Structure formats: structure tokens, C-alpha cells
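Visitor: I am new to this structure and would like to learn how to read it. Could you take me through some of its features, one at a time?

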Amino acid sequence: MASSKEYVDFILEQCEGLTARAMMGEYVLYYGGKVVGGVYDNRLLVKPTSSAKEKMPNAPMELPYEGAKEMLLVENMEDKAFLQGLFAVIAEELPTPKRGRK
């Protein structure tokens, strides 16, 4: 089941600076130019960085799709401050992406 545009729009409204790119019916989420997670089957999943695990110690790990690495399921999507802080610490912990050739 593909994720709905309405669900993704809701997530984007909850967090300033978060952007999404559609990919094969799902959405990859970017914060500060870094991939921090995605929306898969209308589930908000984020990269399991140590900071994310600290902020969500009881969050279940789920597969975004067959063959992928497990990610943390975010269930607290109503709290804008929580989401803003979560994406900020995840992005801070991730390496800067390498620029591809064009």
C-alpha cells in the first residue's frame, strides 16, 4: 500500500525544515539536506541513530520494505516540538552527504 499525500503533508506541517521526495509510492524525508527517514505505508520511520533511540527508547523497530534495514517507528506525531527536536538530532548525527557528479 502506498502512502497518502495527505499523511505526508501532515508530517511536513508538523516540522519546519523537513522536506519529502516521492519515490515509488513512498516518501523519503530530508532535514538539513540529509536523509533522516521516510514515510512507508503511512508509517513515519526514522533512522535509528543513537540520539533517536535516546529520544524514543521504547519505539519499535520496523522494516520500511522487504530487504531494507530496520528503522524506528515514530508514534508521537502530534507534538511539533518533539518532532522538530527529533529530526534535528538525527540530522546532526548523520554525516554530510557526498556531492555526486553532474
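Visitor: Which residue in strand 3 does Tyr-30 stand opposite?

Guide: Tyr-30 stands opposite Val-35. Keep in mind as we go that this is a predicted model. Five bridges join strand 2 to strand 3, and the two strands run antiparallel. Together they form a hairpin with two residues between them. In that turn, Gly-32 has a positive phi of about 65°.

Visitor: How do I read the directions in which the side chains of a strand point?

Guide: The general idea is that side chains in a regular strand alternate between the two faces of the sheet. In strand 2, Glu-26, Val-28 and Tyr-30 point one way, while Tyr-27, Leu-29 and Tyr-31 point the other way.

Visitor: Are the residues of strand 2 buried or exposed?

Guide: Six of its six residues are buried, so strand 2 is mostly covered, where buried means under 20% relative accessible area.

Visitor: Which residues have the most contacts inside the largest nonpolar core?

Guide: They are Val-36, Leu-44, Val-74, Leu-86 and Phe-87, in a core of 25 residues. Several elements each supply at least two residues to this core: helix 1 (5–14), strand 2 (26–31), strand 3 (34–40), strand 4 (43–46) and helix 3 (80–93). Helix 3 gives the most, with six residues.

Visitor: Now for the aromatic rings. How do I read a pair of them?

Guide: A pair of rings is described by the distance of the centres and the angle of the planes. A search of the whole structure finds two aromatic pairs. Tyr-31 and Phe-87 form a stacked one, 6.4 Å centre to centre with 25° between the planes. Tyr-31 lies in strand 2 and Phe-87 in helix 3, so the pair ties together parts that are 56 residues apart in sequence. Both Tyr-31 and Phe-87 are buried.

Visitor: Why is the pair of Tyr-40 and Tyr-65 called tilted?

Guide: Their planes stand at 50°, so the pair is tilted, and the ring centres are 6.0 Å apart. An angle under 30 degrees would count as stacked and one over 60 as edge-to-face. Because Tyr-40 lies in strand 3 and Tyr-65 in the loop between strand 5 and strand 6 (71–73), the pair ties together parts that are 25 residues apart in sequence. Tyr-40 counts as buried, at 10% relative accessibility, whereas Tyr-65 is partly exposed, with a relative accessible area of 48%.

Visitor: What about charged side chains?

Guide: Side chains of opposite charge can pair when their charged atoms come close. The structure holds three salt bridges. In one of them, the side chains of Asp-9 and Lys-5 meet at 2.9 Å, N to O. Asp-9 and Lys-5 are four residues apart in helix 1, so about one helical turn separates them. Asp-9 is partly exposed at 28% relative accessible area, and Lys-5 is also partly exposed, at 45%.

Visitor: Which residues are linked in a network of salt bridges?

Guide: Asp-41, Arg-43 and Glu-62 are. Arg-43 and Glu-62 meet at 2.5 Å, N to O. This pair links distant parts of the chain, with Arg-43 in strand 4 and Glu-62 in strand 5 (residues 61–62), 19 residues apart. Arg-43 also forms a salt bridge with Asp-41, where the closest N and O atoms are 3.9 Å apart.

Visitor: Is Arg-43 buried or exposed?

Guide: Arg-43 counts as buried, at 19% relative accessibility. Asp-41 counts as partly exposed at 29%, and Glu-62 counts as partly exposed at 22%.

Conventions:
Residues are numbered from 1 along each chain as its sequence is written. This is a predicted model: local features need pLDDT of at least 70, side-chain atom pairs count only at pLDDT 80 or more; totals for chains, interfaces and linings use all residues. Side-chain values use heavy atoms; hydrogens and water are left out. A nonpolar core is a set of buried Ala, Val, Leu, Ile, Met, Phe, Trp, Tyr and Cys residues joined through side-chain atoms within 4.5 Å. Buried means under 20% relative accessible area, exposed over 50%, partly exposed in between (1.4 Å probe, protein chains only). A salt bridge is a side-chain nitrogen of Lys or Arg within 4 Å of a carboxyl oxygen of Asp or Glu. Rings of Phe, Tyr and Trp (its six-membered ring) pair if their centres lie within 6.5 Å; planes under 30 degrees apart count as stacked, over 60 as edge-to-face and the rest as tilted. Two strands pair if DSSP finds at least two bridges between them.
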